[in-house]
Amino acid sequence: MNFDPLQRAVLGELGLVTYRYVGGESGAVDIAPELLARLARAAGVPEAHLLEQPRLLAQAAKMGDDPRAKRALWPLLRALRRDPQ
């Protein structure tokens, strides 16, 4: 999910921080720091390494309440756990 500048300002005022990934095939993707930390823990890699994974970040941004999107994320996390390069 991408936030517009107003939404980012409101989130900032609430004390929430979003990471913004720029580049790669997916463009810009906003990921909450808590979600990034959980994904890194599930993949067994540092958070900074996840920021270099545009496909995984794009899939994570689609998750929301969609069970299919969540299921599609797990193979990406497992692959990253097997080969963190």
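Helices (H or I, at least four residues) and strands (E, at least two) are DSSP runs, numbered from the N terminus. By that rule, Q59 sits in helix α4, which covers residues 54-62. The model is a predicted one, in which local features need pLDDT of at least 70 and side-chain atom pairs count only at pLDDT 80 or more, while totals for chains, interfaces and linings use all residues. Residues are numbered from 1 along each chain as its sequence is written, and side-chain values use heavy atoms, with hydrogens and water left out.

The secondary structure of the protein comes to 5 helices and 2 strands. Read from the N terminus, the order of these elements is α-β-β-α-α-α-α. Confidence is given by pLDDT, the predictor's confidence in each residue, from 0 to 100. Its mean over the protein is 79, and 82% of the residues reach 70 or more.

A residue is called buried under 20% relative accessible area, exposed over 50%, and partly exposed in between (1.4 Å probe, protein chains only). Of the 85 residues of the protein, 32% count as buried. The protein exposes about 5600 Å², and carbon and sulfur atoms supply 56% of that area. Accessible areas come from the Shrake-Rupley method with a 1.4 Å probe; for residues, only the protein chains shown count as cover.

The chain can be followed from its start. F3 lies in the segment before α1 (5-13). With a relative accessible area of 22%, F3 is partly exposed. F3 and T18 are 15 residues apart in sequence, and their C-alpha atoms are 9.0 Å apart in space.

Next come helices α2 and α5. Two packed helices are described by the angle between their axes and the distance between the axes. Axes here are lines fitted to C-alpha atoms, for helices over the stretch in contact, and angles run from 0 to 180 degrees between N-to-C directions. The axes of α2 (residues 33-43) and α5 (residues 67-82) come within 8 Å and cross at roughly 55 degrees. The two helices are therefore oblique to each other; angles under 35 degrees count as roughly parallel, over 145 as roughly antiparallel, 65 to 115 as roughly perpendicular and the rest as oblique. On the α2 side the contact (heavy atoms within 4.5 Å) is made by L39, A42 and A43, and on the α5 side by L73, W74, L77, L80 and R81. By class, this contact has 7 nonpolar, no polar and 1 charged residues. Ala, Val, Leu, Ile, Met, Phe, Trp, Tyr, Cys and Pro count as nonpolar, Asp, Glu, Lys and Arg as charged, and the others, Gly among them, as polar.

The buried residues of α2 are P33, L36, L39, A40, A42 and A43. G44 follows α2 and has a positive phi, near 75 degrees. G44 and R82 are 38 residues apart in sequence but 9.2 Å apart in space, C-alpha to C-alpha. R82 lies in helix α5 and is exposed, with a relative accessible area of 65%.

Helix α4 has P54, L56, L57, A58, Q59 and A60 as its buried residues. For Q59 the relative accessible area is 14%. Leaving out residues up to four places away in sequence, Q59 touches A69, A72, L73 and L76. Just after α4, G64 takes a positive phi of about 50 degrees.
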